[in-house]
Amino acid sequence: MQYIEHPAETGAFLLGWDGVLSDIRLNFVPLRDKYFGGGIVPFFKTAATLPEPDRSAVLAEISKIEIEEAAMATAMEGAKDLIAWLVEELRLP
């Protein structure tokens, strides 16, 4: 395994959008209550163990929640500056 001294040496950046680039409040409580008895579980892994049509319903509901909440997300302070810097520094289109 190669040790990297600085993230710029990787040639890539991986940024999560929820809480890193955007302020978003995903509310999965109703989904947890409906399908998992209120438990906090890894959704995709646990959904894979469910019989149909519950498996498809869970996946569709996760997608719906994320799309609806993403439409209301706002940029975190400095996110636009970071993206602009990356575009300029890395000469991205």
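These legends describe close-up views of a predicted model.

View 1. The protein has 93 residues, and 16% of them count as buried. Its accessible surface is about 7,300 Å². Carbon and sulfur atoms account for 59% of that surface. Among contacts between residues at least 6 apart in sequence, 58% link residues at least 24 apart.

**View 2. The largest nonpolar core holds 10 residues.** The members are F28, L31, Y35, F36, F43, A47, L50, V58, I62 and I65. Three helices each supply at least two residues of this core: α1 (29-36), α2 (43-47) and α3 (54-70).

**View 3. L31 sits among several partners of this core.** Leaving out residues up to four places away in sequence, L31 touches F36, F43, V58, E61, I62 and I65. L31 itself is a member of the largest nonpolar core. F36, F43, V58, I62 and I65 belong to that core too.

**View 4. Helices α1 and α3 pack against each other.** The angle between them is about 175°, and their axes are 11 Å apart. Angles over 145 degrees count as roughly antiparallel, so α1 is roughly antiparallel to α3. From α1, the residues in contact are L31, K34, Y35 and F36. They meet D54, A57, V58, E61, I62 and I65 in α3. By class, this contact has 7 nonpolar residues, 3 charged residues and no polar ones.

**View 5. V29 is a residue of helix α1.** Is V29 buried or partly exposed? V29 counts as partly exposed because its relative accessibility is 44%. G39 is 10 residues from V29 in sequence. Their C-alpha atoms are 9.1 Å apart in space.

**View 6. A cis peptide bond joins E52 to P53.** Omega for this bond is near 5°. P53 lies in the loop between α2 and α3. For context, most peptide bonds are trans.

**View 7. I67 is an exposed residue of helix α3.** The relative accessible area of I67 is 59%. The cut-off for exposed is over 50%, so I67 falls in that class. L26 is 41 residues away from I67 along the sequence. In space, the two C-alpha atoms are 9.9 Å apart.

**View 8. T74 belongs to strand β2, residues 74-75.** T74 has 47% relative accessibility, so T74 counts as partly exposed. Which residues does T74 contact, leaving aside neighbours within four places in sequence? They are L21, S22 and D23. S22 is 52 residues from T74 along the chain. The C-alpha atoms of T74 and S22 are separated by 5.4 Å.

How values were computed: Residues numbered from 1 in each chain as written. Predicted model: local features only at pLDDT ≥ 70, side-chain atom pairs only at ≥ 80, totals over all residues. Heavy atoms only, no water. Buried < 20%, exposed > 50% of the residue type's maximum accessible area, 1.4 Å probe, protein only. Contact = heavy atoms within 4.5 Å. Areas by Shrake-Rupley, 256 points an atom, 1.4 Å probe, with all protein chains shown as cover. Core = buried A, V, L, I, M, F, W, Y, C linked by side-chain atoms within 4.5 Å. Helix = DSSP H or I, 4+ residues; strand = E, 2+ residues; numbered from the N terminus. Axes fitted to C-alpha atoms, helices over the stretch in contact; angles between N-to-C directions. Parallel < 35°, antiparallel > 145°, perpendicular 65-115°, else oblique. Nonpolar A, V, L, I, M, F, W, Y, C, P; charged D, E, K, R; others polar.
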